[in-house]
Amino acid sequence: QTPKIEEKEISGKSYTREDWQGGYKSLTQEFDYWIDDVEGEIPLELQGTLFRNGPGLLDINGQSIHHPFDGDGMISRISFVNGRAHYRNRFVETEGYLSEKKAGKLLHRGVFGTQKPGGWLANIFDFKLKNIANTNVIYWGNKLLALWEAAEPHRLDPNTLETLGKEYFNGVLSEGEAFSAHPRLDPSCEQDNGAPCLVNFAIKPGLSTKITIFELNIAGEVVRKKAHNVPGFCFIHDFVITPHHCIFFQNPVTFNPIPFALGLRGAGECIQVQPNQLTRIIVIPRFPQSEQGDVKILEVRSGFIFHHINAFAVGEEIFVDSICYDTLPEVEPASDFRQVNFEAIAPGQMWRFYLNLKDGTVQRKLIESRCCEFPAIHPAHVGRSYRYLYIGAAHAESGNAPLQALLKIDLESGEKQLWSAAPRGFMGEPIFVPRPGSQKEDDGWVLALVYDAAHHRSDVVILDASDFAKGAIARLHLKHHVPYGLHGNFTSQ
Ligand code: 3ON
Ligand code: FE
């Protein structure tokens with residue numbers, strides 16, 4: 001069966017680099033307004049709040065940061081109320097953000113190569129981490145939390161977005177302890193009588209790595225916390241869960257911290273992907289029967305993985321769906337991220353891994369070769385079998401390119417639908433919101449921020465998840481752009 005794809009025909013490339021670069025300008029202003037410039041109609045049943053996080057500053061008072069992952073976290077909040085929408089944004093007031101704002105200049109090293117001015121002598125032996133709170137934002141246990149994977153969360157007021165301080169969960173976290181930016185929400189936790197729970201992890205890398213797993217109840221309390229040691233250095237950005245397991249892919253990388261120590265490179269620039277090495281898959285039971293924890297380790301070739309889509313158990317097997325890169329270029333000190341040559345980099349592609357826990361073997365299959373990143377699924381299917389996924393995708397079917405489109409994949413029939421914002425639109429992470437009371441898995445909406453280079457502003461785009469072919473059902477034009485972001489969540493509260 002050939003997938004049917006609706007695609008606008010554009011000769012040559014579907015974008016220009018100048019257009020794409022516009023989405024990596026800082027947004028310094030903080031806004032608070034009702035969105036009046038709306039094409040189409042906001043569904044009345046769509047009620048709740050979309051929170052998004054991402055780098056808001058790509059420079060500190062004119063001094064460029066080295067990589068977008070080093071940019072200070074800025075929260076956008078889009079609230080949907082009775083067919084109208086309200087926008088507000090505010091920076092997470094981390095210690096680093098505030099001190100640099102006050103000084104009017106760059107004061108801190110970043111993990112991805114931002115250096116203090118003054119060359120290596122100004123940076124040597126500075127091991128401090130600037131917690132930039134820029135990767136995800138989630139409302140859980142009546143707390144709005146901005147997350148960054150290498151340190152503790154920042155708590156924000158959900159109404160004003162004011163930063164309230166760092167969150168330690170009643171002393172469960174210690175000062176500087178990590179709490180990753182990729183929690184998974186188990187819709188029905190067996191240990192908690194079927195109540196939802198938040199499962200998250202922390203990585204403490206070294207010659208061997210400590211992986212800590214946290215489970216939080218709906219009141220936001222940590223009800224389970226357990227640490228596991230695994231051999232070797234780990235750079236793990238995301239994980240997946242099933243009702244009984246947490247699954248980590250230990251990316252095939254080596255880490256040489258010497259250039260970091262000497263002030264020549266950021267820590268993240270000392271990571272080298274080893275595309276010919278196998279990935280170790282670490283399968284950890286969520287509710288271990290023994291003190292050892294019964295951790296299983298499997299091996300497979302996967303390339304580098306930032307994000308997983310979902311996982312679920314089928315008999316003795318666990319299926320894991322992930323976005324894989326054949327390899328990743330090193331972040332280089334002398335490079336400018338705005339000058340990236342897209343064609344020279346491997347695209348992210350979707351693979352399914354079949355983990356056999358009985359015999360320890362792993363099979364894999366390519367599901368989608370189109371360049372894609374930032375997956376979303378129905379929240380009730382996290383850790384369970386699922387049929388539909390929504391993901392940011394390149395406009396063109398092959399090659400690496402910026403995300404300009406949304407792809408919906410029906411994993412059962414193989415049918416695919418593409419909605420593209422090319423040539424001048426650039427796509428952010430989609431979020432699936434179920435229609436209240438819906439029964440069908442794709443009955444709901446897909447929300448995404450799209451940067452529109454033609455107007456140098458961003459749109460909130462709403463698609464009907466069951467039918468991309470009818471186009472956007474609403475496009476909400478913001479008064480300004482929102483720099484390309486990372487992750488967010490929707491809450492109907
Ligand atoms: O030794 C360790 C090395 C290391 C890299 C120490 C460490 C724990 C401090 C560390 C830190 C890692 C951090 C802070 C990682 C942060 C990652 C981040 C902010 C974002 C990752 C984003 C991933 C993707 C795939 C983004 C895609 C973006 C687009 C498609 C463009 O719009
Ligand atoms: Fe991520």
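Which strands each supply at least two residues of the lining of the largest cavity? The close-ups below get to that. This is a predicted model, where local features need pLDDT of at least 70, side-chain atom pairs count only at pLDDT 80 or more, and totals for chains, interfaces and linings use all residues. Residues are numbered from 1 along each chain as its sequence is written, chains are lettered from A and ligands numbered from 1 in the order in which they are written, and side-chain values use heavy atoms, with hydrogens and water left out.

**View 1. The largest cavity holds about 70 Å³ of space.** A cavity here is a set of points on a 1 Å grid over the protein atoms alone where a 1.4 Å probe fits but cannot get out, and lining residues have an atom within 4 Å of a point. Points are joined across faces, edges and corners, and the volume is the space filled by probe spheres set on them. To settle the opening question, strands S3 (48–55) and S6 (73–81) each put at least two residues into this lining; strands are DSSP runs (E, at least two residues), numbered from the N terminus. S3 gives the most, with four residues. Look for Arg 52, Met 74, Leu 449 and Gly 485 among the lining residues. By class there are five nonpolar, four polar and one charged (Ala, Val, Leu, Ile, Met, Phe, Trp, Tyr, Cys and Pro count as nonpolar, Asp, Glu, Lys and Arg as charged, the others, Gly among them, as polar).

**View 2. The second largest cavity comes in at about 60 Å³.** Its lining includes Arg 109, Asp 126, Lys 128, Lys 130 and Phe 260. Four of the lining residues are nonpolar, one is polar and four are charged. The model has three cavities of 30 Å³ or more.

View 3. A nonpolar core is a set of buried Ala, Val, Leu, Ile, Met, Phe, Trp, Tyr and Cys residues joined through side-chain atoms within 4.5 Å. In the largest, with 44 residues, Ile 211, Phe 235, Phe 248, Met 350 and Leu 389 touch the most other members.

**View 4. Cysteines, but zero disulfides.** A disulfide means a pair of cysteine sulfur atoms within 2.5 Å. For Cys 234, the nearest cysteine sulfur, that of Cys 246, is 14 Å away. Cys 234 is buried, at 2% relative accessibility (buried means under 20% relative accessible area, 1.4 Å probe, protein chains only). The sulfur of Cys 270 is 17 Å from its closest partner, in Cys 234, so the gap is too far for a bond. Cys 270 is buried too, at 6%.

Methods:
Buried < 20%, exposed > 50% of the residue type's maximum accessible area, 1.4 Å probe, protein only. 1 Å grid on protein atoms, 1.4 Å probe; cavity = no way out; pocket = protein on both sides within 12 Å on 5 of 7 lines; lining within 4 Å.
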